[in-house]
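Biologist: I'd like to go through this one with you and ask where each label comes from. Can you put it up, please?

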Amino acid sequence: MGKRLLSPSKHVPEENDPAPVQPQWVGENEPVVVSGNVEEFRRDFISRIWLTYREEFPQIEGSALTTDCGWGCTLRTGQMLLAQGLILHFLGRAWTWPDALDVDNSDSESWTSHTVKKLTASLEASLTGERAAQDPSPIKEPPRRGSDDGGGEESCHRKIVSWFADSPLACFGLHQLIEHGKKSGKTAGDWYGPAVVAHILRKAVEEARHPDLQGITIYVAQDCTVYKADVIDKQCSSMDPENTEDKAVIILVPVRLGGERTNMDYLEFVKGILSLEYCVGIIGGKPKQSYYFAGFQDDSLIYMDPHYCQSFVDVSIKDFPLESFHCPSPKKMSFRKMDPSCTVGFYCRNIQDFERASEEITKVLKASSREKYPLFTFVKGHARDYDFTCTPTNEDDLFSEDEKKRLKRFSTEEFVLL
């Protein structure tokens with residue numbers, strides 16, 4: 001598994017920061033601690049795929065809308081989480097975009113000697129070797145699923161970006177996600193919450209017909225419970241009877257970190273989850289705005305912000321520009337401001353990887369739980385074994401009747417951008 005530097009020296013600008021100045025402190029007047037390499041940090045962060053509001057894209061069917069500005073932020077943060085899972089799946093944890101350091105960074109003065117203690121879960125774990133230390137015989141990451149030469153990697157990178165294009169045919173583009181959302185009563189211009197987006201992403205991956213996407217699936221936890229046999233069943237399912245390989249799985253867990261406000265007792269849980277190599281981020285935000293959380297620094301969360309309205313990019317053009325799909329600098333937000341509704345994502349390459357992930361995630365859940373019950377759990381067996389079997393659903397339905405009932409309790413999660 002590739003090693004990458006994830007404790008670099010970097011000041012992460014606060015949301016609504018003024019024009020950057022040469023900083024000398026982090027957070028609440030904490031002294032500078034220098035470690036790592038600024039360029040490595042920048043390369044790691046900028047290599048993530050950034051999906052934002054767009055305008056002037058093809059009209060969304062059933063509406064007059066040609067932009068998602070003002071309402072599509074949670075769909076965008078969901079896209080970012082899925083994109084990160086696909087990057088890990090096809091390119092591996094060691095991959096970085098060769099042009100990352102060429103992206104124009106308006107906050108260049110802020111790239112100075114301040115430490116970001118944790119940036120991204122999967123990469124931090126690769127750096128520290130914690131997983132190797134816990135197990136003398138860890139699973140070796142399989143060869144990347146694209147070509148092993150630079151040209152092949154760049155082609156794969158562009159292919160992944162193209163799947164999120166703002167065009168009706170892109171399998172994970174806004175148009176397709178909205179189409180799946182219609183089956184749950186959502187339409188273009190509505191606001192979507194993290195739990196609803198989790199199920200929309202699941203449906204989008206299930207219905208994707210691109211040959212390269214047949215080796216990955218999505219599982220959405222039920223009532224804060226991950227039923228392990230159900231996950232493994234999805235990993236073993238294949239439309240090709242001759243294909244005996246396990247599927248990779250992205251596990252999405254909708255949770256609430258409190259009542260009307262986020263409970264600070266969950267801070268250690270969030271930091272622990274973001275420190276795991278399996279975590280691909282959190283679809284969350286603060287009230288009225290959705291962010292994609294990728295890591296943390298002290299008691300603040302590092303995020304990518306979709307609230308930038310950029311022009312439509314036609315990805316059918318050869319060598320279409322990639323710059324607007326990569327964020328030049330991170331932001332951070334106090335954990336106290338986080339909306340309690342969020343969806344946590346994990347990527348597991350195969351069944352054995354999932355078994356290890358469930359053990360490590362459970363350790364974090366137990367260590368960070370001050371109460372008798374953790375925020376979510378992994379249990380053996382199928383959901384039907386616990387009398388929680390879902391009502392059979394038509395092929396065209398996004399949610400079963402039981403899922404629709406469960407989602408009602410997430411009704412307060414909707415994000416509205418005023």
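Modeller: Let's start with a term: buried means under 20% relative accessible area, exposed means over 50%, and partly exposed is in between, with a 1.4 Å probe and protein chains only. Keep in mind that this is a predicted model, where local features need pLDDT of at least 70, side-chain atom pairs count only at pLDDT 80 or more, and totals for chains, interfaces and linings use all residues. Residues are numbered from 1 along each chain as its sequence is written, and side-chain values use heavy atoms, with hydrogens and water left out.

Biologist: Fine. Why does Phe90 count as buried?

Modeller: Its relative accessibility is 6%, and the cut-off for buried is under 20%, so Phe90 counts as buried. Trp163 also has a relative accessible area of 6%, so Trp163 is buried.

Biologist: What makes the rings of Phe90 and Trp163 a tilted pair?

Modeller: Rings of Phe, Tyr and Trp (its six-membered ring) pair if their centres lie within 6.5 Å; planes under 30 degrees apart are stacked, over 60 edge-to-face, and the rest tilted. Here the centres are 5.7 Å apart and the planes are at 55 degrees, so the pair is tilted. Phe90 sits in helix 2 and Trp163 in helix 5 (residues 150–163), so to speak distant parts of the chain, 73 residues apart. Helices (H or I, at least four residues) and strands (E, at least two) are DSSP runs, numbered from the N terminus.

Biologist: And why is the pair of Tyr291 and Tyr303 called stacked?

Modeller: The planes are 15 degrees apart, with 3.9 Å centre to centre. Tyr291 lies in strand 6 (residues 289–297) and Tyr303 in strand 7 (residues 300–304), so the pair ties together parts 12 residues apart in sequence. Both tyrosines are buried. The whole structure has 13 aromatic pairs, and ring pairs also join Phe269, Phe346, Phe354, Phe376 and Phe378 into a cluster.

Biologist: On to the helices. How do you know how helix 6 and helix 7 are oriented to each other?

Modeller: Their axes come within 9 Å and cross at roughly 110 degrees. Axes are lines fitted to C-alpha atoms, for helices over the stretch in contact, and angles run from 0 to 180 degrees between N-to-C directions. Under 35 degrees counts as roughly parallel, over 145 as roughly antiparallel, 65 to 115 as roughly perpendicular and the rest as oblique. Helix 6 and helix 7 are therefore roughly perpendicular.

Biologist: Which residues make that contact?

Modeller: Contact means heavy atoms within 4.5 Å. Helix 6 brings Leu177, His180 and Gly181, while helix 7 brings Ile200, Leu201, Lys203, Ala204 and Glu207. The buried residues of helix 6, among them Leu174 and Ile178, pack against helix 2 (73–91) and helix 7.
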